[in-house]
Amino acid sequence: MSSLFIVESPNKIKKIKGFLGNQYNVQASVGHIRDLNPKSLGISIENNFEPCYEVLQDKKKVVAGLRKAYKNCKVVYLATDYDREGESIAWHLKEALRITNSKYKRVIFTEITKTAIMNAIKNPCDIDMNMFYAQQARRIVDRLLGYKISPILWKQLTSNFTKGKSLSAG
C-alpha cells in the first residue's frame with residue numbers, strides 16, 4: 001500500500017515522483033477543488049455566516065480520482081503551497097476526500113529538491129487553521145460584497161466604457 005502525495009500543480013508531479021519513487025502516488029489537485037455555490041450566495045447568513053462549499057464542476061473528475069487513490073493508501077501527504085490559498089486547498093482536500101486526522105500529514109517545502117521534500121516528509125505539521133480562516137473570511141466577504149453589489153454596478157454603470165467588460169464589486 002502506497003502513500004498519496006497531493007500537490008497543487010500537475011507540472012510538479014514528474015519531478016517529485018522521481019524523488020519519492022514507487023511507494024508514493026503523486027497527484028495534483030490542479031488548484032482549488034471546492035468553492036461557494038456559484039449560483040447562489042453560498043453563505044448561510046442565518047447560520048452564523050456558514051459557507052456552503054461544493055466541488056467545482058470542472059474538478060469533479062479530479063476529486064473522484066483523488067478519492068479512489070485515497071482508498072488505496074496508508075497516508076495522504078497534503079503538499080499544497082504554504083500561503084492562504086494553499087492552506088485552503090489542503091483543508092478542502094481533507095474535507096472533500098473525507099481524510100481522517102490519523103491518515104493525513106501536511107507537508108511544506110519551498111523548493112522542489114529531493115532534500116527539501118524528504119525533509120518535509122520527516123517533519124509534517126497540521127493545516128494552519130489561522131491561514132485557512134483568513135482565506136475563508138476573505139472569500140466570504142468577497143462573496144457578500146460582490147454578490148450583493150455587482151448587480152447594482154451592472155445596472156448603474158453600463159456605458160460605452162463598460163460594454164463587454166465584466167464588472168465586479170468583489
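**View 1. The buried side of helix H4 in the predicted model.** Within H4, which spans residues 114-122, the buried residues are Ala 116, Ile 117, Ala 120 and Ile 121. These residues lie on the same side of H4, because the arc they cover around the axis is only 135°. An α-helix has 3.6 residues a turn, so residues three or four places apart point the same way. Thr 115 and Lys 122, by contrast, are exposed and sit on the face of H4 turned away from its buried side. Among the elements that cover the buried residues of H4 are strand S1 (2-7), helix H1 (13-20), strand S2 (24-28) and strand S7 (73-78).

**View 2. Strand S2 and its pairing with S1.** Tyr 24, Val 26 and Ala 28 form the covered face of S2, whereas Asn 25 and Gln 27 form the uncovered one. In a regular strand the side chains alternate between the two faces of the sheet.

**View 3. The largest nonpolar core.** This core holds 26 residues, and those touching the most other members are Leu 4, Ile 6, Val 76, Leu 78, Leu 93, Leu 97 and Ile 99. Two or more residues each come from S1, strand S6 (53-55), helix H2 (60-71), S7, helix H3 (84-96) and helix H5 (129-156), with H3 giving the most, five residues. Apart from this core lies another, of 16 residues, including Phe 5, Val 75, Phe 109 and Ile 121.

How values were computed. Residues are numbered from 1 along each chain as its sequence is written. This is a predicted model: local features need pLDDT of at least 70, side-chain atom pairs count only at pLDDT 80 or more; totals for chains, interfaces and linings use all residues. Side-chain values use heavy atoms; hydrogens and water are left out. Buried means under 20% relative accessible area, exposed over 50%, partly exposed in between (1.4 Å probe, protein chains only). Helices (H or I, at least four residues) and strands (E, at least two) are DSSP runs, numbered from the N terminus. The arc is that of the directions from the helix axis to the C-beta atoms. Contact means heavy atoms within 4.5 Å. A nonpolar core is a set of buried Ala, Val, Leu, Ile, Met, Phe, Trp, Tyr and Cys residues joined through side-chain atoms within 4.5 Å. Two strands pair if DSSP finds at least two bridges between them.
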